[in-house]
Amino acid sequence: MDIIFLGGLEVDTVIGIYDWERSIKQKIILDIEMAFDIKKAAATDDIAHTLDYKTVSDRIVAFMEASEFYLVETLIEEIAKILLNEFPIPWVKIVLNKKGAISRARDVGIIIERGQI
């Protein structure tokens with residue numbers, strides 16, 4: 001299986017458990033890998049036969065900008081559900097980074113894999 005990926009997708013969203021976090025938007029950075037067989041797209045040179053990463057990106061950004069979750073665990077699970085249910089992919093890996101969440105750490109986040117290759 002081939003992998004189509006989005007790296008460093010930055011989205012500002014309401015996320016967090018503290019009162020001050022509920023009144024601001026924070027930057028979340030996503031790296032997303034999606035299993036997809038690209039052979040037909042490569043053979044036809046036709047976008048209709050591939051996974052349009054712009055459409056994927058637009059869907060995730062719109063969802064995140066409208067969301068207001070308390071936990072990054074909930075956010076990442078919902079993103080995975082959207083990708084697996086709305087796009088023709090059997091597997092996804094998502095790295096969610098909430099930079100600055102811990103003052104002494106450069107990166108803080110979660111990595112999940114859902115579906116099957």
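The structure is a predicted model, in which local features need pLDDT of at least 70, side-chain atom pairs count only at pLDDT 80 or more, and totals for chains, interfaces and linings use all residues. Residues are numbered from 1 along each chain as its sequence is written, and side-chain values use heavy atoms, with hydrogens and water left out.

The protein contains 4 helices and 5 strands, where helices (H or I, at least four residues) and strands (E, at least two) are DSSP runs numbered from the N terminus. Along the sequence these elements follow the pattern β-α-β-α-α-β-α-β-β. Taken along the principal axes, a box of roughly 50 × 25 × 20 Å holds the C-alpha atoms. The accessible surface is about 7,100 Å², and 53% of it belongs to carbon and sulfur atoms; such areas come from the Shrake-Rupley method with a 1.4 Å probe, and for residues only the protein chains shown count as cover. Of the 117 residues, 37% are buried, a label that means under 20% relative accessible area, with exposed over 50% and partly exposed in between (1.4 Å probe, protein chains only). Contacts (heavy atoms within 4.5 Å) also reach along the chain: among those between residues at least 6 apart in sequence, 58% join residues at least 24 apart.

Next comes the sheet. Strands of a sheet pair through backbone hydrogen bonds, either parallel or antiparallel. Here, an open sheet of 5 strands has the order 3-1-2-4-5 with mixed pairing, and two strands count as paired if DSSP finds at least two bridges between them. Strand 3 (68–69) and strand 5 are the edge strands, each pairing on one side only. Strand 2 and strand 4 run antiparallel and are joined by 6 bridges, and L30 stands opposite L96 in strand 4.

Leaving aside neighbours within four places in sequence, the contacts of L30 include L6, L9, I60, M64 and I79.

S57 lies in helix 3 and counts as buried because its relative accessibility is 14%. Beyond residues up to four places away in sequence, S57 touches L6 and L9.

The structure holds 1 aromatic pair. The rings of F63 and F69 have centres 6.0 Å apart and planes at 45 degrees, so the pair is tilted. Rings of Phe, Tyr and Trp (its six-membered ring) pair if their centres lie within 6.5 Å; planes under 30 degrees apart are stacked, over 60 edge-to-face and the rest tilted. F63 is buried at 17% relative accessible area, while F69 is partly exposed at 22%. Elsewhere, the charged end of R22 sits over the ring of Y70, 4.0 Å from its centre; this requires NZ of Lys or CZ of Arg within 6 Å of the ring centre and within 35 degrees of the ring normal.

One backbone detail remains. Most residues other than glycine have a negative phi. D45, although not a glycine, has a positive phi of about 55 degrees. D45 is in the loop between helix 2 (39–44) and helix 3, and is exposed at 74% relative accessibility.
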